[in-house]
Amino acid sequence: RNESSLASTLKTLLFFTALMITVPIGLYFTTKSYVFEGAFGMSNRDSYFYAAIVAVVAVHVVLALFVYVAWNEGSRQWREGKQD
């Protein structure tokens, strides 16, 4: 049971690590090219600034989701261990 708990924790950590790398970078380039320069017609310099803000917000959202999932997983394991 302890090994399955460790494997579950590792899978969660790897999943959120992948999200932390791909989501902000993907949103940065997508919003810079298609949203700010394409749809809004901003200059290259302004689009860098606003795309960076979007990427920072994305990092905070991913971190908040990680904390939420980790908190719920920890409390679930604590409840299961307490009932035994």
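Predicted model: local features only at pLDDT ≥ 70, side-chain atom pairs only at ≥ 80, totals over all residues.

Tutor: Let us begin with threonine 31, which touches Phe36, Ala51 and Val54 when residues up to four places away in sequence are not counted.

Threonine 31 is found in helix H1, which covers residues 2-39. Is this residue buried or exposed? Threonine 31 counts as buried because its relative accessible area is 10%, and the cut-off for buried is under 20%.

Serine 33 and alanine 51 are separated by 18 residues in sequence, while their C-alpha atoms lie 9.0 Å apart in space. Serine 33 is likewise found in helix H1. With a relative accessibility of 35%, serine 33 is classed as partly exposed, whereas threonine 31 is buried.

The next point concerns charge. Which residue forms a salt bridge with glutamate 37? The partner is lysine 32, and the closest N and O atoms of the pair are 2.6 Å apart. The count for the model comes to 1 salt bridge. The two partners fall into separate accessibility classes: lysine 32 is buried, at a relative accessible area of 9%, while glutamate 37 is partly exposed, at 27%.

From here we may turn to helix H2, which spans residues 44-83. What forms the nonpolar patch on the surface? The patch consists of Phe49, Tyr50, Ile53, Val57, Val61 and Leu65, which together have about 540 Å² of accessible area. Two of its members can be described individually. Isoleucine 53 lies in helix H2 and is partly exposed, with 40% relative accessibility. Valine 61 is found in helix H2 as well, and its relative accessibility of 46% also places valine 61 in the partly exposed class.

The database record may now be set beside the model. An unreviewed UniProt entry places the feature "transmembrane region" at residues 12-29 and 49-71. In the model, residues 12-29 are 100% helix and 0% strand, with 26 Å between the end C-alpha atoms. Residues 49-71 are also 100% helix and 0% strand, and here the end C-alpha atoms are 33 Å apart.

The secondary structure of the protein comes to 2 helices and 0 strands. Of its 84 residues, 17% count as buried, and threonine 31 and lysine 32 are classed as buried. Where contacts join residues at least 6 apart in sequence, 61% of them link residues at least 24 apart. The accessible surface of the protein comes to about 6,400 Å², and carbon and sulfur atoms account for 69% of that area.

How values were computed:
Residues numbered from 1 in each chain as written. Heavy atoms only, no water. Patch = residues over 30% accessible without salt bridge, like charges linked within 9 Å, V, L, I, M, F, W, Y side chains within 5 Å. Areas by Shrake-Rupley, 256 points an atom, 1.4 Å probe, with all protein chains shown as cover. Salt bridge = Lys/Arg side-chain N within 4 Å of Asp/Glu carboxyl O. Helix = DSSP H or I, 4+ residues; strand = E, 2+ residues; numbered from the N terminus. Buried < 20%, exposed > 50% of the residue type's maximum accessible area, 1.4 Å probe, protein only. Contact = heavy atoms within 4.5 Å. UniProt positions renumbered as here; feature names shortened; annotations may be inferred.
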